[in-house]
Amino acid sequence: MQSGRTCSKLNGLMGAMESHLQKDEISPISMKTSWKTARLGGMFIVLLTVVTYIPAMRGGFIWDDGLLITENRAVQARDGLYRFWCTTEASDYYPLTSTLSWLEWRLWAKLAVGYHIVNVLLHAINALLVWMVLRRLKIPGAWLAALLFALHPVNVATVAWVSEQKSTLSMLFYLMAIFFYLRFLEEDRQPRAVARGWYTLSLVSFLLALLSKTAVVMLPVVLLGCVWWTRGRLRRKDLLGSVPFFALSLVAGLVTIWFQRYRALAGHAIRTEDFLPRLLAAGWVPWFYLYKALLPVNLMVVYPIWNVDASRPSSYLPGLVLMACFAVFWWKRTTWGRPLLFGLGCFVVTFFPVMGFFDQGFYRYSLVADHWQYCAIVAPIALVVAGGESVCRRLAEQGRQYLGTAAGVAVLVVLGVASWNRTHLYEDAERLWRDSLARNPGAWIAHINLGHVLLDAGKPQEAAEQFEQTLRIEPNLYTVQTDLGVAFWRMGKAQEAIRHYEQSVQLKPDYADAHYNWGAALRRTGKPQQAIEQFQQALRTRPDDAETHNELAVALSEGGKLNEAVGHWEQAIQLRPEYAEAQYNLGVALWQTGNSQKAIRHWEQAVRIRPDYAEAKNKLAWLLATIAPTEGGDPLRAVSFAEGACQQ
């Protein structure tokens, strides 16, 4: 009985929502009730979204979160905004997303929960915007479709992954652009100035979406589809109105291609296939994503990479079937084919940037990814819900509306539970990558990421096993040779570590990390002169690396070249003023050359940067107590620093 009352209440809420939201006009008497119902519906969407993603909020950083946020010096730098907007040092030009990360860093630094909360809230707002857009398009079941979007398991890869804030943020402005454009299309029922205002807001929103992530570059085509859906035809005026949108798309697309080619990929090709295999693979892409949208099972962070063989007739079938579907839906566009043509068209068009025609870094691992479906998944959800709404109306005519309500509740529960379970994987990076490998053992990037997690957790033996497994799959990964060297070093196997650093350099002679780690291993095994050579090699590739300057200075000092070492410590501090270890080391060198006052200043800087730096406090206490006041000595301060060192 309780279940029946719950279904009845949900059915009543859904019915009330759709009955008044599908109307263009609401009477003054019912307006207050209608807005109250709308607020309740919106609150319900937000509440379920937040509850579903509670496990994700407890998660940490995964994969490239460190590269983009916690280890991104531009995010942490005071001049970060200038670097995001006005330089080409980033691997992608997403300045608005980077600005959000810059602001978040100042709010919660390395506290992952803050970033996760922002991403979940962005997703909840996006679900509300999906509802508003579908309502404007007069698509039945708009509220239920928005709720399904909020709870769909495929979207977990976007919402639970901090780096994918670029997707949730761009989706926010993408949906706003569509909503404002639909308001503009009502120009016959509003003053011309108001219509121009909606058009301007749409164009500005699209620009903001592109500055968040250029995956939304196909919006102009979607807008033309919306015009065709609402009016049944495209006029010359509509085509002219889309020109500024296409201009923005063109510029943003060219900028992205440049950044991908020369920054993210550094001029290296990811895929070497000819155009025909790429075209055939593009025919597979929509069907893969449609399958995951309708049946979200066996989801993975990294899917197996496809082998599209142009000599096999079956490779042509998905693309040919897709073209046939479009042809049939166009033929029947005035009847039952109209919603299918609009929905499938929006779905496929949105995927164009990730269909494989343009190289991008993720293609090293797979040609498809759940987070690439975030914008496009709205179309199949809306189609299915609208079809279900039609069936429910027929059931209601037969007095069996409870069947439709029960089906809707069942789908919501299944999707919600699936998303809840999947978000738990993102709580723990080790669990996530082990799950990925259980589903796709050939995902070498998952082996690498699991190895890094294990290395950070103090399990170098297990990490080495993952790196070795990676090299069995991809033997020429020079970065993994270096990772394996680090693992062996932490196991106390110095010679094996050095051997892997050497192999890494053989594969990639200008790989700075390998030279740096090799140099560090040589220095710590009593070979400073050989270490100096490796550090110098690293600086030829990466001259602005403060850590390498510091290590080189230490090696030079151990080799008896103290004056040369001082120069590199000064460079390290110039590159990174808040580098406590370099400040301390420079202070030691200055003290050894008889410059006590400068030594004191640098040790004080080291203690300011790192208040728990006991070694620096001990040095300060000893020097302040032993030198004359004219040279900076101060017995009282010496006692203070000595007490502080004892408390560490």
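**Salt bridges and a buried glutamine**

At 27% relative accessibility, Arg 576 is partly exposed (buried is under 20% relative accessible area, exposed over 50%, partly exposed in between; 1.4 Å probe, protein chains only). This is a predicted model, where local features need pLDDT of at least 70, side-chain atom pairs count only at pLDDT 80 or more, and totals for chains, interfaces and linings use all residues. Residues are numbered from 1 along each chain as its sequence is written, and side-chain values use heavy atoms, with hydrogens and water left out.

**Salt bridges**
- The structure holds 26 salt bridges (a side-chain nitrogen of Lys or Arg within 4 Å of a carboxyl oxygen of Asp or Glu).
- Arg 576 pairs with Glu 547 at 2.0 Å, N to O.
- That pair links distant parts of the chain, 29 residues apart: Arg 576 is in the loop between helix 28 (562-575) and helix 29 (580-592), Glu 547 in helix 27 (helices are DSSP runs of H or I, at least four residues, numbered from the N terminus).
- Glu 547 is partly exposed at 22%.
- Asp 513 and Arg 542 form a salt bridge at 2.8 Å, N to O.
- Asp 513 lies in helix 25 (residues 512-524) and Arg 542 in the loop between helix 26 (528-541) and helix 27 (546-558), so the pair ties together parts 29 residues apart in sequence.

**Gln 360**
- Gln 360 sits in the loop between helix 17 (337-350) and helix 18 (378-397).
- Gln 360 is buried, with a relative accessible area of 16%.
- Beyond neighbours within four places in sequence, its contacts include Leu 265, Ile 270 and Trp 372 (contact means heavy atoms within 4.5 Å).

Note on methods:
Helices (H or I, at least four residues) and strands (E, at least two) are DSSP runs, numbered from the N terminus.
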